[in-house]
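I set out to record what can be read from this model, one topic at a time. The entries are kept brief and follow the order in which I looked things up.

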Amino acid sequence: MRILLRLQAALIMAATNGGDGGIRDEREEHARRPRVDQRGGTGASGGRAGPGEDTRPRLLVIDDEQSIVDFIRLGMRYEGFRVEDAADGQTGLDLALRLRPDAIILDRMLPDIEGMQVCQRLRATPSTANIPILMLTAKDEVTDRVAGLNSGADDYLTKPFSFEELLARVRALLRRQQRHATAGASGLRTLQIGDLSLDESAREVKRGERLIELTATEYNLLHLFMSHPRQVLDRQTILNRVWGYDFLGETNIIEVYVRYLREKIEDSPSTPRLIVTVRSVGYVLKG
């Protein structure tokens with residue numbers, strides 16, 4: 001409620017200043033900040049911030065609806081984020097490559113390049129492949145959400161949405177990213193279940209000699225399973241460890257990504273022998 005009241009007050013103030021008061025303040029503040037180099041020094045893939053550099057997490061919003069962008073910018077600024085935006089897919093791709101933000105909010109419907117194609121290009125580019133992506137969509141059909149996840153998005157949110165939920169999901173993505181980065185910095189090992197292997201240092205997965213290409217979320221989910229072989233993991237545990245959620249809601253995101261993994265690692269995805277469903281509980285990885 002506190003966040004909503006502050007947002008409403010800020011939006012009213014922007015309207016009384018000719019509709020762009022909050023935007024003007026953001027641009028003026030941005031002009032006074034130290035510039036980030038081409039490597040995106042404070043972004044998800046950049047190096048450490050130098051003395052005097054802004055260390056707040058950087059968020060890139062790719063959406064052509066200015067009202068949505070303004071809403072996100074105002075709210076996220078209150079919560080300690082820097083916000084950059086792009087009104088089309090190509091500009092968004094260029095900014096992502098140049099700034100390497102900590103997270104990206106991506107609209108599915110863009111005027112030039114479809115949002116799912118933007119997501120696929122980001123995932124195919126080494127410097128942006130592991131940036132968390134939250135996809136926004138006005139389409140609420142399960143097939144549409146599945147398609148968005150299949151393109152490489154880490155999470156999705158249906159319009160209209162509450163700011164509290166958007167903020168919670170962005171923070172969850174950043175916590176997960178930080179957790180995996182910290183875990184990957186020490187104690188690296190190779191996990192082995194039968195002929196399925198996962199090399200933590202190279203982030204590579206193989207079945208025998210066959211290299212399996214996984215998205216960041218698919219890798220993280222498989223890593224969780226392989227770290228707990230023959231142990232039944234319930235849905236709440238999987239959500240907390242992979243997505244950072246502390247609620248179940250109505251999401252079917254786990255089922256979607258389990259299906260993706262099965263299609264890539266199972267000999268027969270329709271009759272899985274590795275990742276097995278435990279009805280009404282969750283999943284177990286069997287050797």
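**Entry 1. Basis and confidence**

I note that this is a predicted model, in which local features need pLDDT of at least 70 and side-chain atom pairs count only at pLDDT 80 or more, while totals for chains, interfaces and linings use all residues. Residues are numbered from 1 along each chain as its sequence is written, and side-chain values use heavy atoms, with hydrogens and water left out.

I looked up the pLDDT (the predictor's confidence in each residue, from 0 to 100) and found an average of 79, with 76% of the residues scoring at least 70. Over residues 8-48 the pLDDT stays under 50. For that stretch the model has 61 contacts (heavy atoms within 4.5 Å) beyond four places in sequence.

**Entry 2. Overall make-up**

I recorded 10 helices and 12 strands; these are DSSP runs, helices being H or I of at least four residues and strands E of at least two, numbered from the N terminus. Of the 287 residues, 48% count as buried, where buried means under 20% relative accessible area, exposed over 50% and partly exposed in between (1.4 Å probe, protein chains only). Among contacts between residues at least 6 apart in sequence, 59% join residues at least 24 apart.

I traced an open sheet of 5 strands in the order 2-1-3-4-5, with parallel pairing; two strands pair if DSSP finds at least two bridges between them. Strand 2 (82-86) and strand 5 each have a single partner strand, so one side of each is left without a neighbour in the sheet. Neighbouring strands are turned by 20° against each other on average, direction ignored; axes are lines fitted to C-alpha atoms, for helices over the stretch in contact, and angles run from 0 to 180 degrees between N-to-C directions.

Within this sheet I checked strand 3 (residues 103-107) and strand 4, which pair in the parallel sense over 4 bridges. Asp107 stands opposite Leu136 in strand 4.

I found an open sheet of 3 strands, ordered 10-12-11, with antiparallel pairing. Its edge strands are strand 10 (233-234) and strand 11 (275-278), each pairing on one side only. Strand 11 and strand 12 are joined by 4 bridges in the antiparallel sense, and the bridge partner of Val278 is Gly282 in strand 12. Helix 8 lies across strand 10, strand 11 and strand 12, and runs at about 65° to strand 12.

**Entry 3. Helix 6**

Which residues of helix 6 (residues 142-150) are buried? I listed Asp144, Arg145, Val146, Gly148 and Leu149. Their cover includes helix 5 (115-124), strand 4 (133-137), strand 5 (155-158) and helix 10 (253-265). Helix 6 is followed by Gly152, whose phi is positive, near 120°.

**Entry 4. Nonpolar cores**

I took a nonpolar core to be a set of buried Ala, Val, Leu, Ile, Met, Phe, Trp, Tyr and Cys residues joined through side-chain atoms within 4.5 Å. The largest has 33 residues, of which Leu222, Phe225 and Ile238 touch the most other members. Elements giving two or more residues to this core include helix 8, helix 9 (235-243) and strand 12. Helix 10 supplies the largest share, 8 residues.

Beyond four places in sequence, the contacts of Ile238 include Leu221, Phe225, Trp243 and Tyr283. A second, separate core of 21 residues includes Leu59, Val69, Met76 and Phe161.

**Entry 5. Aromatic pairs**

I counted 4 aromatic pairs; rings of Phe, Tyr and Trp (its six-membered ring) pair if their centres lie within 6.5 Å, with planes under 30 degrees apart stacked, over 60 edge-to-face and the rest tilted. The ring centres of Phe71 and Phe163 are 6.0 Å apart and the planes stand at 90°, so this pair is edge-to-face. Phe71 lies in helix 3 (residues 66-78) and Phe163 in helix 7 (residues 163-184), 92 residues apart. Phe163 is buried, at a relative accessible area of 1%. Phe71, Phe161 and Phe163 form one aromatic cluster.

I then looked at Phe225 and Tyr283, an edge-to-face pair at 6.5 Å centre to centre and 70° between the planes. Phe225 belongs to helix 8 (residues 216-227) and Tyr283 to strand 12 (residues 282-285), 58 residues apart. Phe225 is buried at 0% relative accessible area, and Tyr283 is buried at 6%.
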